[in-house]
Amino acid sequence: MAAAPAVADSAAAAPTRPIKLVVLGDSLSAGYGLPAAAAFPVRLQKALKSNGRETEIINAGVSGDTASGGLGRLDWSVPADTEAVILELGANDALRGTDPKVTRAALDEILKRLKSRNIKVLLCGMLAPPNYGADYAAQFNAIYPDLAKTYAVPLYPFFLDGVATIANLNQADGLHPTAEGVDTVVNNILPTVEAFLGTVAGQRS
């Protein structure tokens with residue numbers, strides 16, 4: 001009889017399996033211009049671990065990718081056992097002045113497909129640069145809150161919040177974060193990601 005409590009204690013102490021998460025994005029998550037260890041998914045996983053949240057994060061960022069590009073590679077970028085996706089696409093669409101309807105349609109289809117696979121999504125918003133005018137910016141910027149509402153997914157309003165336009169947090173091109181800039185993105189988004197992953201863990205069967 002003495003063995004029973006030991007068995008129970010062992011079961012209680014068994015670690016929860018890590019949440020399998022994919023960051024589907026462009027150069028901002030791929031880690032353009034940085035060592036692999038400084039890329040957003042790597043730094044995010046480290047920050048989560050420091051806070052006691054075990055994850056297995058796949059960096060599915062492709063430099064230069066648009067929302068349509070992400071849609072085109074969705075099936076092979078997001079493995080079958082994925083539980084959650086951080087969707088970070090659209091910055092290149094905005095930089096190129098892509099018709100917001102095209103960007104919206106691509107992101108809409110990505111969200112639809114992930115929902116059909118029962119994969120939870122955290123949507124990261126982007127903001128259009130001012131050079132295309134107020135009308136373009138209004139149409140583009142509305143994509144993310146609209147889709148978050150439509151699909152009832154959490155929204156982080158602007159992926160580069162606290163980093164965009166800050167010279168010492170960006171590389172020489174003024175577009176891509178430095179390693180310090182990536183850490184700033186991670187620190188800012190971390191509470192949102194932790195809340196998101198808490199929901200994912202709570203809905204495990």
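The following questions and answers work through the terms used for this predicted model.

Author: Residues are numbered from 1 along each chain as its sequence is written. In this predicted model, local features need pLDDT of at least 70 and side-chain atom pairs count only at pLDDT 80 or more, while totals for chains, interfaces and linings use all residues, and side-chain values use heavy atoms, with hydrogens and water left out.

Reader: What makes F40 and F159 an aromatic pair, and why is the pair called edge-to-face?

Author: Rings of Phe, Tyr and Trp (its six-membered ring) pair if their centres lie within 6.5 Å; planes under 30 degrees apart are stacked, over 60 edge-to-face, the rest tilted. F40 and F159 have 5.0 Å centre to centre and 80° between the planes. So the pair passes the distance limit and is edge-to-face. The structure holds 4 aromatic pairs.

Reader: Which parts does the pair of F40 and F159 tie together?

Author: F40 lies in helix α3 (residues 40-50). F159 lies in the loop between β5 (155-156) and α10 (179-202). The pair therefore ties together parts that are 119 residues apart in sequence. Helices (H or I, at least four residues) and strands (E, at least two) are DSSP runs, numbered from the N terminus. Both F40 and F159 are buried (under 20% relative accessible area; exposed is over 50%, partly exposed in between; 1.4 Å probe, protein chains only).

Reader: Why is the pair of Y136 and F140 called stacked?

Author: Their ring centres are 6.1 Å apart and their planes are at 15°, so the pair is stacked. Both residues lie in helix α8 (residues 134-141), 4 residues apart, about one turn of the helix. Y136 and F140 are both buried. Ring pairs also link Y132, Y136, F140 and Y144 into a cluster.

Reader: How do you know that α7 and α8 are roughly parallel?

Author: The axes of helix α7 (residues 100-116) and α8 come within 9 Å and cross at roughly 10°. Axes are lines fitted to C-alpha atoms, for helices over the stretch in contact, and angles run from 0 to 180 degrees between N-to-C directions. Angles under 35 degrees count as roughly parallel, over 145 as roughly antiparallel, 65 to 115 as roughly perpendicular and the rest as oblique. Therefore α7 and α8 are roughly parallel to each other.

Reader: Which residues of α7 and α8 meet?

Author: P100, T103 and R104 in α7 meet Y136, Q139 and F140 in α8 (contact means heavy atoms within 4.5 Å).

Reader: What makes β1 and β2 paired strands?

Author: Two strands pair if DSSP finds at least two bridges between them. Strand β1 (residues 19-25) is joined to strand β2 (residues 55-61) by 7 bridges, and the two run parallel. So they pass the limit and pair. In β2, I57 is the bridge partner of L21.

Reader: How many bridges pair β1 with β3?

Author: β1 and strand β3 (residues 84-88) pair in the parallel sense over 5 bridges. L24 stands opposite L87 in β3. β3 is joined in turn to strand β4 (residues 120-124) by 4 bridges, again parallel. There L87 stands opposite L123.

Reader: Why is β1 called largely enclosed?

Author: 6 of the 7 residues of β1 are buried, so the strand is largely enclosed by the rest of the structure.

Reader: What makes β2 and β5 edge strands?

Author: The open sheet has 5 strands in the order β2-β1-β3-β4-β5, with parallel pairing. β2 and β5 each have a single partner strand, so one side of each is left without a neighbour in the sheet.

Reader: Why does T66 count as buried?

Author: T66 has 15% relative accessibility, so T66 counts as buried. T66 lies in the loop between β2 and α4 (67-72). Leaving aside neighbours within four places in sequence, T66 is in contact with L89, N92, D93 and R96.

Reader: What is the phi of A152, and what is that of T165?

Author: Most residues other than glycine have a negative phi. Phi of A152 is near 55°, a positive value in a residue other than glycine. T165 has a positive phi of about 70° although it is not a glycine. T165 lies in the loop between β5 and α10. T165 is exposed, with a relative accessible area of 80%.
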